[in-house]
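Reader: I would like to learn how to read a structure like this one, step by step. Could we begin with the layout of a chain and then move to a sheet, a residue and a contact between chains?

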Amino acid sequence: MAKPEFVYVTYIETTPEKLWDALTSSEFSERYWWGTKVLSNWTVGSPFALEWRGQVTDTGVIVEADPPRLLSYTWSNASEEFRNERPSRVTFVLEPYGKLVKLTLTHEDFEPGSKMLEGISKGWPAIMSSLKSMLESGQALDVPLTALKIEGVE
Amino acid sequence: MDISQFKPAIVYTIYIASTPERVWEALTSAEFSRKYFSGNAVEVDLKVGGAFVVRTPDGSVHISGEVIECDPLRKLTVTFNVNWPALIEKLGPTLVTYEIEPVGDVVKLTLIQSHDRQIDDDILSGGRQGWPAILSSLKSLLETGEPLVIKMEPPRRMLEALKKLGIGTP
């Protein structure tokens, strides 16, 4: 059986440096990630957090950081619902590809049947699509959160 | 054709700042597809049972199939068989479904590649490599007017797996 993970590949007309900035700057992330701020100093061992509407929703630790090529952090949702799930792990690999960057996102280390995996599998395609739009056209996407049909997200 | 036995092997979702009309046209017109699909032209007779063909830039048939479901602006399902000797005999037909859904001001496009049997990961690696490139370029084309220039490496892992099965590849 395949291990529980989510993998998403996208090609973006940008530079690895600009993409790295977009992944690690809360000013950028607010634009493509429904107002979510990514917070960390992005060095290995430092804390990582997502803040949404003034509240910390997810926390973790930076596992690998090799700008502008590789970024990896652990991820635990702070809500009651996911308290018993072990931390999962998010990895971004940025590869120059001619005039483009190939971005590979892997979100893994889930327990079998993880509810978190179900939610992030719906969320990441919208976030990555919006990130690509922002870098290419200057305009992030406005995907209604409710359209993702993630349980418990309104 | 009974498609109830087919199960999704690859699912790829992408959100595009566009309309269902333009996304549908991009998926079904030769002119559009040449721009984002490495010069390949999609030719499709948009009715159930109609022919579906993808031609390479030199005009030869690369993929052939037929329309299984056609709900304009919403859903298109086709058989999507690469024209390599013994491929269907060994792997069965490949089914490709595009689902188009307006969400707010954008369009959610979902690609589903399905098979009627278990397909090895080595063989699926071809589609896992190809679809994100094709659909990333389609999105760029619709949003910025320019497709991406993606020089695809040949899908080596898939080609080796096919060769082992005795399927003739270029």
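**Reading the two chains**

Author: This is a predicted model, and along its sequence chain B follows the pattern β-α-α-β-β-β-β-β-α-β-β-α-α, which amounts to five helices and eight strands.

Reader: How does the radius of gyration of chain B compare with what the globule rule gives for 170 residues?

Author: The radius of gyration of chain B is 15 Å, close to the 15 Å that the rule gives, so chain B is as compact as a globular protein of that length. The C-alpha trace of chain B spans about 45 × 35 × 30 Å along its principal axes, and 36% of the 170 residues of chain B count as buried.

Reader: Turning to chain A, in what order do the seven strands of the open sheet lie?

Author: The order in chain A is 1-7-6-5-4-3-2, with antiparallel pairing. Strand 1 and strand 2 (37-39) of chain A stand at the edges with a single partner strand each, so one side of each is left without a neighbour in the sheet. From one strand to the next, the twist averages 20°.

Reader: Over how many bridges does strand 1 of chain A pair with strand 7 of chain A?

Author: These two strands pair in the antiparallel sense over seven bridges, and I12(A) has V101(A), in strand 7 of chain A, as its bridge partner. Helix 1 (residues 16-24) of chain A packs on the sheet, and its direction makes about 160° with that of strand 6 of chain A, while helix 3 (residues 115-137) of chain A runs at about 5° to strand 1 of chain A.

Reader: Is Y11(A) buried or exposed?

Author: A residue counts as buried if 20 or more other C-beta atoms lie within 10 Å of its own. Y11(A), found in strand 1 of chain A, is buried because 24 other C-beta atoms lie within 10 Å. Among the residues that Y11(A) touches are Y97(A) and L100(A), together with P132(B), A133(B) and L148(B) from chain B.

Reader: How many residues does each chain bring to the contact?

Author: The contact takes 20 residues from chain B and 21 residues from chain A. Strand 1 (7-16), strand 8 (106-115) and helix 4 (121-144) of chain B each supply at least two residues of the side that touches chain A. Helix 4 of chain B gives the most to that side, with seven residues. By class, the side of chain B that touches chain A has ten nonpolar, five polar and five charged residues.

Note on methods
Residues are numbered from 1 along each chain as its sequence is written. Chains are lettered from A and ligands numbered from 1 in the order in which they are written. This is a predicted model: local features need pLDDT of at least 70, side-chain atom pairs count only at pLDDT 80 or more; totals for chains, interfaces and linings use all residues. Helices (H or I, at least four residues) and strands (E, at least two) are DSSP runs, numbered from the N terminus. A residue is buried if 20 or more other C-beta atoms lie within 10 Å of its own, exposed if 12 or fewer, and partly exposed in between; C-beta atoms are placed from the backbone. Two residues are in contact if their C-beta atoms, placed from the backbone, lie within 7 Å. Two strands pair if DSSP finds at least two bridges between them. Axes are lines fitted to C-alpha atoms, for helices over the stretch in contact, and angles run from 0 to 180 degrees between N-to-C directions. Ala, Val, Leu, Ile, Met, Phe, Trp, Tyr, Cys and Pro count as nonpolar, Asp, Glu, Lys and Arg as charged, and the others, Gly among them, as polar. The radius of gyration is taken over C-alpha atoms; the globule rule is 2.2 Å times the number of residues to the power 0.38. Lists of a residue's contacts leave out its neighbours within four places in sequence.
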